[in-house]
Amino acid sequence: MPYKPPFTITSEILNLVAEISQQVKRLDASALNANGRMGRLWQTLILSRWHPLFLSLPLESVIKDHQQTYYQALEQGDEQADSTPFIRFMLSIIARTLTQNASVSAPANAPVNPERDVRGLKTPEAILVLLEYNLQRTRQQLAELMGKDLRTIGRALAKLQQAGKIKRVGYDKTGHWEVQP
């Protein structure tokens, strides 16, 4: 299934981005540095929603080690009015960080998120397997993936929590699960 972004880029959005870019160019250096830190924070949050591994990767340190190239990519993107140079830079930083911090080697063609088939597993065991691959899953998503009733999932999650096997961190809508060792 092809990726469909959760937004549509319209001329109104492009105009707003252009206006913000013009305002950012007028900011002093300390504001730009803070703006860069906020941008990298958003980047980490977005990446961590895709895969929790990104919460523990030292992307910021690798960017700092390549700070001159970082600023060159930003400048080149500004000059070309195109974010491609910056995106290429960030992808290379992500790849470099993953390579430097990889604890295991996987074949190049290994799937990014190879979920196990949970058919045949008891509901609590299946939940643990599914959460292993994505701690952000909701009760509804678990129910859909397993073909189970929402109340069945709720009871199984409660049992897992009582047994100390999982823990809910944060609120129902914005939190995530932690699988306990």
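Reader: Among contacts in the chain between residues at least 6 apart in sequence, how many join residues at least 24 apart?

Author: Happy to start there! This is a predicted model, and in it the share is 40%.

Reader: Which elements make up the chain, and in what order do they run from the N terminus?

Author: There are 8 helices and 2 strands. Read from the N terminus, the order is α-α-α-α-α-α-α-α-β-β. As for burial, 23% of the 181 residues are buried.

Reader: How do I read the way helix 7 and helix 8 pack?

Author: Begin with the angle between the axes: values of 65 to 115 degrees count as roughly perpendicular. Here helix 7 (residues 139-146) and helix 8 (residues 150-162) pack at about 115°, and their axes are 9 Å apart. The two helices are therefore roughly perpendicular to each other.

Reader: Is the crossing of helix 7 and helix 8 left-handed or right-handed?

Author: Helix 7 passes helix 8 in a right-handed crossing.

Reader: And which residues meet there?

Author: Helix 7 brings Arg139, Gln140, Leu142, Ala143 and Met146, while helix 8 brings Leu150, Ile153, Gly154 and Leu157. By type, the residues of this contact are 6 nonpolar, 2 polar and 1 charged.

Reader: Now the strands. What does the side chain of Arg168 reach?

Author: Good one to click on! Arg168 sits in strand 1 (residues 166-169). Its side chain reaches the backbone oxygen of Gly175 at 3.4 Å, and a polar atom of that side chain lies 3.2 Å from the backbone oxygen of Tyr171. Leaving aside residues up to four places away in sequence, Arg168 touches Arg137, Gln161, Gly175, His176 and Trp177.

Methods: Residues are numbered from 1 along each chain as its sequence is written. This is a predicted model: local features need pLDDT of at least 70, side-chain atom pairs count only at pLDDT 80 or more; totals for chains, interfaces and linings use all residues. Side-chain values use heavy atoms; hydrogens and water are left out. Axes are lines fitted to C-alpha atoms, for helices over the stretch in contact, and angles run from 0 to 180 degrees between N-to-C directions. Helices (H or I, at least four residues) and strands (E, at least two) are DSSP runs, numbered from the N terminus. Angles under 35 degrees count as roughly parallel, over 145 as roughly antiparallel, 65 to 115 as roughly perpendicular and the rest as oblique. A crossing is left-handed if the near helix is turned anticlockwise from the far one by less than a right angle, and right-handed if clockwise. Contact means heavy atoms within 4.5 Å. Ala, Val, Leu, Ile, Met, Phe, Trp, Tyr, Cys and Pro count as nonpolar, Asp, Glu, Lys and Arg as charged, and the others, Gly among them, as polar. A polar contact is a pair of N or O atoms within 3.5 Å; within protein, one must be able to donate a hydrogen and the other to accept it, and residues adjacent in sequence count only if both atoms are side-chain atoms. Buried means under 20% relative accessible area, exposed over 50%, partly exposed in between (1.4 Å probe, protein chains only).
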